[in-house]
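Please read this briefing alongside the sequence and the 3D structure shown below.

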Amino acid sequence: MLFKSETFKIVKKEKQTEDDCLFRLEPVGKKKIKLSYEPGQFFQVSAPGIGEAPFSVCSYDKEFIEFNIRGLGDVTNHLLKLEPSDKICLRGPYGTSYPMEQLKGNSLVIIGGGTGVAPLRGVLKYLEKHRADYDRVHLFFGFRDPNEILFKKDMEQWNRIFDLNLTVDKAPDSYTGKVGLVTKIVEESGLNNKKKAVMICGPPIMIKFTILTLEKLGFHHDQIFVSFERRMKCGVGMCGHCMISGLYVCKDGPVFRYDKVKGLHE
Ligand SMILES: Cc1cc2nc3c(=O)[nH]c(=O)nc-3n(C[C@H](O)[C@H](O)[C@H](O)COP(=O)(O)OP(=O)(O)OC[C@H]3O[C@@H](n4cnc5c(N)ncnc54)[C@H](O)[C@@H]3O)c2cc1C
């Protein structure tokens, strides 16, 4: 259910990397709003007097919302200074979601790079609650180096219930995990395209090369869902800030089936 600006309280803040924190928020007020959002959607979070910014949900719960926030500029750095019991306002949820219902019975291939793993965490939190509805779940996550790995606590759980493949671009000799680009581990996996859907979120360059790798493995474009984190302002398809070739990323996306957006130029 879409809501206009509502006040939330920070109930938990967990440092993930030097630049990222995971925030858990709960609605406050006598008339407690009913929370309902889907993996892939986003909220506009405001920093009073500074501005607001979109953040993808990275939880799946009726009691709270979680966001992973990376400090980049004024809004994000202000939000990162907030602590549990501080209050903030959000509006949403906005945008399209991953078609979880439609994909029931399939195997899922979930590929994330860097902060792009945040929206995919929302998908995985959904899958933790609906594990029996899906076949195998293959995860391929790439981070720049071991210090940049997000959601380390979740990774332990995901390693148990999904097929987790975690890699870093570079690491000191003492590192015992996989080193190499995420596209390399996807290619080496030898996955076939049978009864599978793929979800990708990450930097544009990573999305581009991941799709080339998937094509080599025999995947079709209508099996692939991508999430774009393009710069946006209003979040509701009014201002045109996030438009790509006639599509509003905020309203028509941020999750798109790849065959619908391939070849679109920014
Ligand atoms: C649908 C969507 C979901 C998002 N989800 C998350 C999330 O879960 N966690 C998170 O930390 N961030 C997320 N972002 C990005 C976040 O909205 C921006 O980092 C934020 O708007 C930056 O605001 P600022 O005032 O702090 O920085 P600004 O001063 O606006 O920007 C600081 C620097 O960051 C660059 N920048 C800003 N926004 C983006 C962007 N979208 N992509 C690439 N570079 C950018 C600017 O060019 C500039 O160099 C999402 C964006 C979108 C559109």
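Two strands are taken to pair if DSSP finds at least two bridges between them, and the elements themselves are DSSP runs numbered from the N terminus, with helices (H or I) of at least four residues and strands (E) of at least two. The model is a predicted one, in which local features need pLDDT of at least 70 and side-chain atom pairs count only at pLDDT 80 or more, while totals for chains, interfaces and linings use all residues. Residues are numbered from 1 along each chain as its sequence is written, and side-chain values use heavy atoms, with hydrogens and water left out.

**The open sheet and strand S7**

- Strands of a sheet pair through backbone hydrogen bonds, either parallel or antiparallel.
- An open sheet is formed by seven strands in the order S10-S9-S8-S7-S11-S12-S15, and its pairing is mixed.
- Strand S10 (178–179) and strand S15 (255–257) stand at the edges, each with a single partner strand, so one side of each is left without a neighbour in the sheet.
- S7 runs parallel to strand S8 (residues 137–143), to which six bridges join it, and within this pairing valine 109 stands opposite histidine 138 in S8.
- Strand S7 (residues 107–113) is also joined by six bridges to strand S11 (residues 196–201), again in the parallel sense, with lysine 196 in S11 as the bridge partner of serine 107.
- Seven of the seven residues of S7 are buried, where buried means under 20% relative accessible area, exposed means over 50%, and partly exposed lies in between (1.4 Å probe, protein chains only).
- Both faces of S7 are covered, with Ser107, Val109, Ile111 and Gly113 buried on one side and Leu108, Ile110 and Gly112 buried on the other.

**Antiparallel pairs**

- Six of the eight residues of S2 are buried, so this strand is largely enclosed by the rest of the structure.
- S2 and S5 run antiparallel and are joined by six bridges, and arginine 70 in S5 is the bridge partner of aspartate 20.
- Strand S6 (residues 87–94) likewise has six of its eight residues buried, so S6 is largely enclosed by the rest of the structure.
- Strand S3 (residues 42–47) pairs with S6 in the antiparallel sense over four bridges, and valine 45 stands opposite leucine 90 in S6.

- In helix H1 (residues 74–81), the residues Val75, Thr76, Leu79 and Leu80 are buried.
- These four cover an arc of only 130° around the axis, which puts them on the same side of H1; the arc is that of the directions from the helix axis to the C-beta atoms.
- Asp74 and Lys81 are exposed on the other side of H1.
- Asp154, Met155 and Trp158 are the buried residues of H3.
- They cover an arc of only 105° around the axis, which puts them on the same side of H3.
- The exposed residues Lys153, Glu156 and Arg160 are carried by the face of H3 turned away from its buried side.

**Cavities**

- On a 1 Å grid over the protein atoms alone, a cavity is a set of points where a 1.4 Å probe fits but cannot get out, whereas a pocket is an open set with protein on both sides within 12 Å along at least five of seven lines, and lining residues have an atom within 4 Å of a point.
- Grid points are joined across faces, edges and corners, and a volume is the space filled by probe spheres set on the points.
- There are three cavities of 30 Å³ or more by this rule, and the largest cavity has a volume of about 40 Å³.
- The largest cavity is lined by Ile10, Phe23, Leu25, Val45, Phe67, Ile69, Leu79, Leu82 and Ile88.
- S2 and strand S5 (65–70) each supply at least two residues of this lining.
- The lining of the largest cavity divides into nine nonpolar, no polar and no charged residues, with Ala, Val, Leu, Ile, Met, Phe, Trp, Tyr, Cys and Pro counted as nonpolar, Asp, Glu, Lys and Arg as charged, and the others, Gly among them, as polar.

**The second largest pocket**

- The second largest pocket holds about 180 Å³ of space.
- Of the 13 residues that line the second largest pocket, Glu14, Leu22, Arg121, Lys153 and Asp154 are the closest to its centre.
- Strand S1 (3–15), strand S2 (20–27) and helix H3 (152–161) are the elements that give two or more residues to this lining, and the largest share, four residues, comes from H3.
- The lining of the second largest pocket comprises two nonpolar, two polar and nine charged residues.
- Domain 1 (3–94) and domain 2 (107–227) both give residues to the lining of the second largest pocket, so this pocket lies between them; the domain bounds come from an automatic or database domain assignment.
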